[in-house]
Amino acid sequence: MTAWARTAADGRLPYHLLIIGAGPSGLAAAMAAARHGARVALVERALFGGTCLSAGCVPSKTLIRTSRLYREMRDAEQFGGRTPDGISVSFPDVMKRVRNIRSRLSLQVSAERLTTMGIDVIVGEARFAGPDSVLVNGDVVRFKRALVATGARPRRLPVPGLEEAGYLTYEDVFDLTDCPKRLLVIGGGPVGCELAQAFARLGSRVAIVQDEPMFLVNEERDAAQLLSDALARDGIEIHLDTQTTRVHVEGKGTIAELVNSGNRSTVAVDRILVGVGTTPNVHGLDLEAAGVAYDDAGISIDDFLRTSNPRIYAAGDVCGETKFPHIESAAGRIVAANALFRGRQRLSRETIPWCTFTDPEIAHVGMYVTEARRRSIPVMTFTVLMHEVDRAVIDGEEDGFVKVHVRQGTGEILGATVVASHAGDLINEISLAMCAGLDLMTLAKVNQPYPTQSQAIRMAAGAYAASRRHPIRAWLTKKWLSL
Amino acid sequence: MTVHIGDEELLDRLERGAFGYFIEEMNPRTGLVSDTSREDSPASIATVGFALASYPVSVERGWLARDDAAARTLTTLRFFQGSKQGSDPDSMGNGGFYYHFLDLESGRRVWQCEVSPIDTTLFIAGALTAGAYFDGDAAAEVEIRRLARDLYERIDWEWARHGKTTVAQGWKPEAGFLHYGWEGYSEATLLYVLGLASPTHPLPPASYAGWTSTYQWERIYGEDLLYAGPMFIHQFSHAWIDFRRIRDPFMREKGSDYFENSGRAVDVQREYARRDPNGYGYGPDCWGLSAGAGPGFQTLHVGGRKRRFFEYVARGVPFGPDDGTIAPAAALASLPFRADAALSAVRHYIELYPEWADTWQLPSGFNRTAPGADSRGWVSTGTVGLDQGIILLMIENYRSGMIWELMRRASPIGSGLRRAGFRGGWL
């Protein structure tokens, strides 16, 4: 606050980069800019770390970890162990761990720490006063470049009776003190699927409603199929291709009315969790004053993350982009480079993997086959089932696969999908190869310790290498060995 | 028990047994055929299509007199021709398509089912088979040809596309079009071929391109193939179309064809069975995951393992779902693609369940892990018309190529294939 007060007071030193929003994009941009010695201001109205830390990845993955522990306890016999008698879940203890982890990780992005990095931290609401200035707590702050990274909030679902009955979103589900006995999850995207599985494993009777014929609509059909099977194994009642048409309170419970291709049904629950996407936080910023174009889908940006005002950039959920924190961080770093050094870095050139942390996890990087075919790129996919991988068999984690897509006739990796217990880790080897421009043949030459689950990738590469063996060479080899 | 008869004798009994289903389960007044042999089963329009294609086979095999087969065919086609079409629930269909399941007596929709383009396709393929076979001058045969043509030409394929690239998977009076289409490799090749060839309401070539746009060419267990999990997907269109050495743009790009692709699908099925990752007791002669009946939705502890079982679902290889249920038709209907694998599997099944040789009608499914009447596990009750239909046609195609030949020379198949971009071979 001291630094902020001094800069605002003299008014002659506009910030090189002023950032609105201390989520992953804003923090990444602020830290990168500060490392270069730029004058940086970071304005945040609520919590540092953004949704990811307070109500996103950090609490949800913490909850998932505990839920996986309970699943493993119940499945102990499949590992030659004994299922403990009387397994019971202490939900307050589960949530206590969530809060502890959240507090611990928040220290890394505290205002104090950011200040020591040379970032002027300002707590307050920012709104644009003009094309090169914002108003914060009644003071005008000028900038040479600005980044809007105000994130998004849960999208509301216009279902009659839902508001009256009340519902949870990712913003408040981690404030629960009791585990709902019966939970309805509306939405079959990453958030809905992850939390449905976690709550089921923690003892809730969970039903999940998805208005598409499969979960995770952007993922491969086989991945979605395996996820459906996994959720069903956890005892989750699955309603695909189904809409929630009405909700009403009845006694102590809530009744949700569902319709599937004209067939009507109801489900009685205690709580409803809605995870149907987000709405960008574009209002209240006076973007018009800065000449920044936006609509309900978010702020419009180009591939360099510039808005319609070339001084102002935008990144993350406020642009309606894919909602993963590491993508936002990458975007933040690009903004710092482009804004401060007239850089020409493009977000589309980044190799960005993502992962849904269900069990099994579903990770992807690069192109999907449909996208490649739309661009008339001939594709060949090398598939390895996890039950072919010794370590996955040993670990009892055989559900899943590795699919590596290459340009047909070459080893150029176009993309990959991994469904496995640790898919989020496995995908990194492919991401590294793509980022470094390595082809699949090179991965075939990489030695790996045995046994590891990442051998699935080595096996896919090996299948590719075998496919490239020229018949004449094979014939010559055979001749040589017969001498 | 070992099946001590030669392959030809074995196939003859199985084919004749399958045909018996259509004699036993046909309603003589409407020509409709039950979906299953279970009591109170409604008719399935797809099963009617298989029945229509089976009558010419029965004539050639000497099981039915030609005029008897023509009379059964005529009864069926007249019933469909006289059916009410429209958007009200009392109709038998809409846009020239029909509801998936119909009351066996009245032809009225049951189970709030959908108007089904794919099941209508299988029905009309049967009608066109009859139209191609009954080429005589007798009044009945002339009428069969006319009705088959009229029923085909009144199908409004464009209506089923409802402004989108691909054909919708269904329509309901309560909900309109189901909001997903036939995309990605499936049994719907035949649908697009017939839709493209329509002289009245054809699909545009772009619809076929849209359908193939989500194809995935994969190497699985060392086999390069256009992937689809359930075996029936690799069989149903092949009952009517001879895909040997004809290729669309996708298969030209991959240097393969759909017939060889189905053979590779058999290889993947067998390799999955050999590996048997879930420990269900599969093996090289115990394979065949496909759509079919199952032990019912339940979770049981069997042999110290928690097992989930399903009802009638489309099981697939290698990504599942897999609950240990084998569909015998999946192996037997693979006869044209991998004869040795199909024959050794069916001999194995009959050794396991010798009572199947009483009727030579294979059940929809068996599961040696799920509890059943005896130590051999669960076996589905009754038989399913689709299973008997695909078994019959694929045995006949393997033995004589009769259905393929009929559809080559006297149907819209050739024209539809060309519009889809197929070249080479018999085209």
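Two residues are said to be in contact if their C-beta atoms, placed from the backbone, lie within 7 Å. Helices (H or I, at least four residues) and strands (E, at least two) are DSSP runs, numbered from the N terminus.

Colleagues, the structure above is a predicted model, in which local features need pLDDT of at least 70, side-chain atom pairs count only at pLDDT 80 or more, and totals for chains, interfaces and linings use all residues. Residues are numbered from 1 along each chain as its sequence is written, while chains are lettered from A and ligands numbered from 1 in the order in which they are written.

I begin with a helix pair in chain B. Helix H2(B), residues 45–60, and helix H3(B), residues 66–81, have axes that come within 9 Å and cross at roughly 165°. Axes are lines fitted to C-alpha atoms, for helices over the stretch in contact, and angles run from 0 to 180 degrees between N-to-C directions. H2(B) and H3(B) are therefore roughly antiparallel, a term for angles over 145 degrees. From H2(B), residues including Val48(B), Leu52(B) and Tyr55(B) meet residues of H3(B), among them Arg66(B), Ala69(B) and Arg72(B). By class, this contact has six nonpolar, three polar and two charged residues. Here Ala, Val, Leu, Ile, Met, Phe, Trp, Tyr, Cys and Pro count as nonpolar, Asp, Glu, Lys and Arg as charged, and the others, Gly among them, as polar.

I turn to the two chains. How many residues of chain B are in contact with chain A? There are 25, and they face 29 residues of chain A. On the chain B side, strand E7(B), residues 217–220, gives the most, with four residues. That side of chain B divides into nine nonpolar, seven polar and nine charged residues.

Which strands make up the open sheet? Its seven strands follow the order E19(A)-E20(A)-E23(A)-E22(A)-E21(A)-E7(B)-E8(B), with mixed pairing; strands pair if DSSP finds at least two bridges between them. The edge strands, each pairing on one side only, are E19(A) and E8(B). Between the chains, two bridges join E21(A), residues 379–385, to E7(B), and these strands run parallel. Arg219(B) in E7(B) is the bridge partner of Phe382(A). Within chain A, three bridges join E19(A) to E20(A), which run antiparallel.

Helices from both chains pack on this sheet. Helix H14(A), residues 423–436, touches E19, E20, E22 and E23 of chain A. Helix H10(B), residues 258–275, touches E7 and E8 of chain B, and its direction makes about 125° with that of E8(B).

Methods. Parallel < 35°, antiparallel > 145°, perpendicular 65-115°, else oblique.
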